[in-house]
Amino acid sequence: MTYGGNAGLPGDTAAGRATPRPARTWNSGLSGGEFAAIGGVGFEPVGQVRGTAVYTIGYTGVWGCPGTWSVTDDNKAVPSSRWASSLSQLVRTMYAARRSALSRAVAECGALGGDGIVGVELHVGDFPAGGLEFTVRGTAVRARSRIRPRAPFTSHLGGQDFAALIGSGWVPVGLALGIAFAIRHDDWRTSLRIPLTVRNQEVDGYTQLLTRVRREARRQLAVDTAQHGADGVVVDDVELRVGESECPSYGSTRDVTAEAVFVGTSIARFGRSGRPAGAGPPLTVMRLEREH
């Protein structure tokens with residue numbers, strides 16, 4: 001598959017949705033089965049879209065050791081306000097970077113006259129000149145209907161899963177994120193450098209670190225879903241990264257860091273037909289407004 005970049009797209013989409021353009025050749029990241037599946041529920045691809053943002057990421061200049069805990073769960077387990085503020089700013093930056101890339105992909109979708117993006121993939125990688133590159137890509141689709149949504153939806157769901165969702169009376173609303181960071185000083189309660197005679201036991205400090213960061217990421221995912229006005233979220237990916245660095249306050253000891261990222265699609269119900277998926281004629285009209 002190929003990607004055509006921004007060639008031929010309107011330059012300014014901030015003022016509103018673009019009027020669908022005349023029929024033309026389009027490209028997509030859909031497989032043959034996915035293409036058939038979205039066609040079966042009344043959608044057609046209009047082109048591949050991509051959004052990119054490059055950010056420098058760091059701990060906002062806060063130095064020193066956080067002590068036993070520093071975690072981004074409303075400061076409930078954070079003895080150091082300096083580190084709590086640092087991690088909170090880091091989390092906000094990670095959200096902003098992903099959302100910037102996503103909004104640019106959505107802008108391309110709107111410029112193509114699309115109603116949403118399916119098969120959204122979000123990649124984070126090192127940028128050669130420094131910093132991190134956040135990239136969002138997917139296939140913009142349009143409903144074969146005169147009813148247009150107010151704004152394009154975004155979804156990680158591929159063609160078959162998207163079709164099954166629509167066929168069961170649900171609609172994707174937007175990509176939902178849950179991001180959390182935590183850091184713990186590797187003191188005598190957490191260090192693995194303990195006598196060999198007691199190696200076969202749980203390391204409580206590390207267990208607590210991972211539990212806290214996952215719990216906070218899930219909470220943030222629920223908050224993001226609620227902000228979309230959705231009923232729930234279908235989780236796509238759960239990333240957990242653990243690292244360590246030398247503690248600047250205590251010489252040879254370490255600080256252990258954990259990052260959890262939850263990605264999913266928030267969904268809302270738009271019909272209660274009760275028909276099993278695949279039964280009867282295909283759905284050709286999708287309503288994105290919520291029922292009250």
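Author: Let us start with Arg 99, which counts as partly exposed because its relative accessibility is 38%, a value that lies between the 20% below which a residue is buried and the 50% above which a residue is exposed. Please keep in mind throughout that this is a predicted model.

Reader: With which residue does Arg 99 form a salt bridge, and how far apart are the closest N and O atoms?

Author: The general idea is that side chains of opposite charge can pair when their charged atoms come close. In this structure the partner of Arg 99 is Asp 224, and the closest N and O atoms of the salt bridge are 3.0 Å apart. Arg 99 belongs to helix 2 (residues 81-111) and Asp 224 to helix 4 (residues 204-227), so the pair ties together parts that are 125 residues apart in sequence.

Reader: Is Asp 224 buried or exposed?

Author: Asp 224 is buried, because its relative accessible area is 6%, whereas Arg 99 is partly exposed.

Reader: How many salt bridges does a search of the whole structure find?

Author: The search finds six. One of the others lies within helix 4, where Arg 219 and Glu 216 are three residues apart, about one turn of the helix, and where their closest N and O atoms are 3.0 Å apart. Glu 216 is buried, since its relative accessible area is 3%, while Arg 219 counts as partly exposed because its relative accessibility is 33%. Elsewhere, Glu 239, Arg 241 and Glu 259 are linked in a network of salt bridges.

Reader: Which side chain meets that of Glu 121 in a salt bridge?

Author: The side chain of Arg 137 does, at 3.1 Å from N to O. This pair links distant parts of the chain, with Glu 121 in strand 3 and Arg 137 in strand 4, 16 residues apart. Glu 121 is partly exposed because its relative accessible area is 38%, and Arg 137 is partly exposed because its value is 31%.

Reader: How many bridges join strand 3 to strand 4, and do the strands run parallel or antiparallel?

Author: Strand 3 (residues 116-126) and strand 4 run antiparallel, and nine bridges join them. Leu 122, for example, has Val 136 in strand 4 as its bridge partner. The two strands form a hairpin with five residues between them, and Gly 130 in the turn has a positive phi of about 115°. On the other hand, strand 3 runs parallel to strand 5 (residues 153-154), to which two bridges join it, and here Gly 116 stands opposite Phe 153.

Reader: How should I read an aromatic pair, and how many such pairs are there?

Author: A pair of aromatic rings is described by the distance of the centres and the angle of the planes. The count in this structure comes to four aromatic pairs. In one of them, Phe 43 and Phe 162 are arranged edge-to-face, at 5.1 Å centre to centre and with 80° between the planes. This pair links distant parts of the chain, namely Phe 43 in strand 1 (residues 43-55) and Phe 162 in helix 3 (residues 159-167), 119 residues apart. Both Phe 43 and Phe 162 are buried. Another pair is edge-to-face because the rings of Tyr 55 and Phe 134 have their planes at 85°, with their centres 6.3 Å apart. That pair also links distant parts of the chain, Tyr 55 in strand 1 and Phe 134 in strand 4 (residues 132-143), 79 residues apart.

Reader: Why does Phe 134 count as buried?

Author: Phe 134 counts as buried because its relative accessibility is 0%, whereas Tyr 55 is partly exposed, with a relative accessible area of 24%. Ring pairs also link Phe 43, Phe 153 and Phe 162 into a cluster.

Reader: Which residues form a nonpolar patch on the surface?

Author: Val 233, Val 235 and Val 238 form that patch, with about 200 Å² of accessible area together. Val 235 lies in strand 7 (residues 232-246) and is partly exposed, because its relative accessible area is 40%.

Reader: Finally, how many helices and strands does the secondary structure of the protein come to?

Author: The secondary structure comes to four helices and eight strands, whose order from the N terminus on is α-β-β-α-β-β-β-α-β-α-β-β. Of the 292 residues in the protein, 45% are buried.

Notes
Residues numbered from 1 in each chain as written. Predicted model: local features only at pLDDT ≥ 70, side-chain atom pairs only at ≥ 80, totals over all residues. Heavy atoms only, no water. Patch = residues over 30% accessible without salt bridge, like charges linked within 9 Å, V, L, I, M, F, W, Y side chains within 5 Å. Areas by Shrake-Rupley, 256 points an atom, 1.4 Å probe, with all protein chains shown as cover. Salt bridge = Lys/Arg side-chain N within 4 Å of Asp/Glu carboxyl O. Buried < 20%, exposed > 50% of the residue type's maximum accessible area, 1.4 Å probe, protein only. Phe/Tyr/Trp six-rings, centres within 6.5 Å; stacked < 30°, edge-to-face > 60°. Pairing = 2+ DSSP bridges.
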